[in-house]
Amino acid sequence: MNQIHILWVDDEIDLLKPHILFLEKKNYKVSTCTNGVDALDLLDSEKFDVIFLDENMPGLSGLETLVQIKEKRRNLPIIMITKSEEENLMEEAIGNQIADYLIKPLNPNQILLSLKKNLDHSRLVSEQMTSNYQQEFRKIAMDMAMVNSYEDWIVFYKKLIYWELQLEHINDAGMLEILQSQKQEANAQFFRFIKKNYKELLFDDDLLFSHRMFPKVIAPLVKQKPTLWVVVDNLRYDQFRMMESILNQFYKKQTEHDYYSLLPTATQYARNAIFSGMLPLEMEQKLPEFWRNDTDEGGKNLFENDFLTHQINQLGLKIKHEYYKITNLNTGKQLADNFQGVKGNDLTVVVVNFVDMLSHAKTEMDVIKELAGDDKAYRSLTLSWFKNSPLLDIIKKARDMELQLVITTDHGTINTQHPTKIIGPKDISSNLRYKTGRSLSFEEKDVYAIANPKEIGLPQSALNASFVFAKEDLFFAYPNNYNHYVKYYKNTYQHGGISLEEMIIPCVVYTPK
């Protein structure tokens with residue numbers, strides 16, 4: 001490792017000789033000067049890794065020198081050294097982006113600790129994080145072998161996401177590869193769990209699936225206090241965790257109701273189920289004027305507010321509600337600008353389509369493929385959007401109006417990597433992660449196949465039509481023009497199938513801060 005070069009600026013530098021010798025014995029290189037003007041000259045001729053800067057110097061003061069150093073070397077860490085503990089002085093120094101400050105008389109270990117904190121922080125964090133994950137690795141493997149219930153999988157998946165978000169801050173590709181292999185193994189086991197237990201789980205009234213969201217979570221909240229319910233389409237649990245750091249500035253988390261999206265993990269099924277409180281088969285039977293099958297013409301989610309109104313009436317709720325859908329920047333800004341207008345509502349519902357558009361754009365636009373090349377970049381792009389979105393403005397205004405807040409989604413998405421072949425008639429559905437139609441031919445090991453869709457609450461688009469759901473990170477490809485198809489859709493974000501990322505999703509209740 002290159003020797004770290006320190007510039008120490010103090011008008012009483014001779015009195016600090018013991019500290020300088022101490023640092024040199026620790027293999028630090030130390031250059032010195034007695035005033036701010038000389039320090040600025042040295043910056044033009046030499047490269048320094050950190051500056052120790054005395055606050056109280058004649059001539060150019062420490063704070064004045066600090067400002068000019070920052071103009072020259074904006075990212076150079078500066079450790080301010082002072083005899084004073086006056087609050088306004090410290091606030092001014094911190095406001096000028098010092099890395100740390102030390103109070104005289106100095107202690108050698110205090111100096112060393114500050115250097116390590118500011119120069120070795122990334123390395124020390126990386127080493128500690130790697131060590132912690134290595135210790136946790138065996139426990140994760142053991143826990144995975146024991147996971148065998150609806151609740152266990154939610155807890156286990158959240159643990160995997162915790163470590164993924166922790167490890168992305170370190171520069172250890174090996175650790176990330178190990179974690180990714182654990183996620184792949186977990187998805188393989190989760191697929192087997194769903195294939196074996198889905199029918200039983202779906203019809204267990206105690207478990208939270210899409211169609212039970214409103215009666216079990218939203219309705220009880222609305223009875224207590226006016227509520228803003230935000231449904232961000234296609235939002236994965238890891239993306240939500242990134243957004244949470246911003247949310248926590250305005251709202252306090254009350255309860256997590258993380259739940260399972262029903263199959264297919266696609267908007268027309270999962271989100272319509274949320275708003276109707278019904279499985280897709282029930283929607284088709286009871287509200288056929290609002291339901292659309294895969295092969296039907298027109299939009300599949302045009303009647304969400306109609307479904308919601310019907311559900312509210314069925315539950316006998318005497319509430320005033322309004323429904324909004326944000327599909328672009330202008331509609332979002334318009335709602336944010338006029339959000340005071342919802343003040344008399346018991347429930348305000350906002351559906352946000354940005355993340356879904358982002359996942360589709362990655363398939364179709366080369367620039368988005370570059371920006372969201374992997375899960376880490378996909379999360380980062382989602383966070384950047386949220387920080388600058390009208391949705392955040394709406395949430396801030398909701399906080400000021402003391403509305404409860406619920407953030408949730410309809411399903412997640414997965415980065416598809418491997419194709420599996422499927423053959424069917426021309427009217428087969430187009431989704432890459434699930435297919436419905438007649439006379440489907442597929443690889444049995446790669447799918448969860450349902451010959452009678454009514455067994456899992458799904459309608460049949462045609463006589464003898466079945467459903468198949470792709471496992472893990474697979475996507476369906478037709479034999480015709482196979483190589484082109486595979487190249488086009490590999491490493492794109494898709495949904496509709498069976499994976500932890502698509503099925504286990506957030507639903508979090510917040511109270512205003």
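Is Asp-152 buried, partly exposed or exposed? Partly exposed, with a relative accessible area of 35%. Keep in mind that this is a predicted model.

Let me stay with Asp-152 for a moment. Asp-152 sits in helix 7, which covers residues 150-167. Together with Glu-151, Glu-200, Asp-204 and Asp-206, Asp-152 forms a patch of negative charge on the surface. A place in such a patch calls for over 30% relative accessible area. Asp-152 has 35%, so it clears that cut-off.

Next, the prolines. Which residue does a cis peptide bond join to Pro-105? Lys-104, and omega there is about 0°. Where is Pro-105? In the loop that runs between strand 5 (100-103) and helix 5 (108-119).

Now Pro-264. The peptide bond from Leu-263 to Pro-264 is cis too, with omega near -10°. Pro-264 also lies in a loop, this one between strand 8 (259-260) and helix 11 (267-276).

On to backbone angles. Glu-402 is not a glycine, yet its phi is positive, at about 60°. Look for Glu-402 in the loop between helix 18 (390-400) and strand 11 (404-408). Is Glu-402 buried or exposed? Exposed, because its relative accessibility is 53% and the cut-off for exposed is over 50%.

Asn-464 is another non-glycine with a positive phi, here about 70°. Its loop connects strand 16 (447-450) and strand 17 (466-470). Asn-464 has a relative accessible area of 59%, so it counts as exposed.

Last stop, helix 13, residues 304-314. Which residues of helix 13 are buried? Glu-304, Phe-307, Leu-308, Gln-311 and Ile-312. An α-helix has 3.6 residues a turn, so residues three or four places apart point the same way.

The face away from the buried side carries two exposed residues, Asn-313 and Gln-314.

To recap. Asp-152 belongs to a negative surface patch. The bonds to look up are Lys-104 to Pro-105 and Leu-263 to Pro-264, both cis. Glu-402 and Asn-464 have positive phi.

Key: Residues are numbered from 1 along each chain as its sequence is written. This is a predicted model: local features need pLDDT of at least 70, side-chain atom pairs count only at pLDDT 80 or more; totals for chains, interfaces and linings use all residues. Side-chain values use heavy atoms; hydrogens and water are left out. Patches are made of residues with over 30% relative accessible area and no salt bridge: like charges are joined within 9 Å, nonpolar side chains (Val, Leu, Ile, Met, Phe, Trp, Tyr) within 5 Å. Accessible areas come from the Shrake-Rupley method with a 1.4 Å probe; for residues, only the protein chains shown count as cover. A salt bridge is a side-chain nitrogen of Lys or Arg within 4 Å of a carboxyl oxygen of Asp or Glu. Lys and Arg count as positive and Asp and Glu as negative; His and the chain ends are not counted. The place of a charge is taken as NZ of Lys, CZ of Arg, CG of Asp or CD of Glu. Helices (H or I, at least four residues) and strands (E, at least two) are DSSP runs, numbered from the N terminus. Buried means under 20% relative accessible area, exposed over 50%, partly exposed in between (1.4 Å probe, protein chains only).
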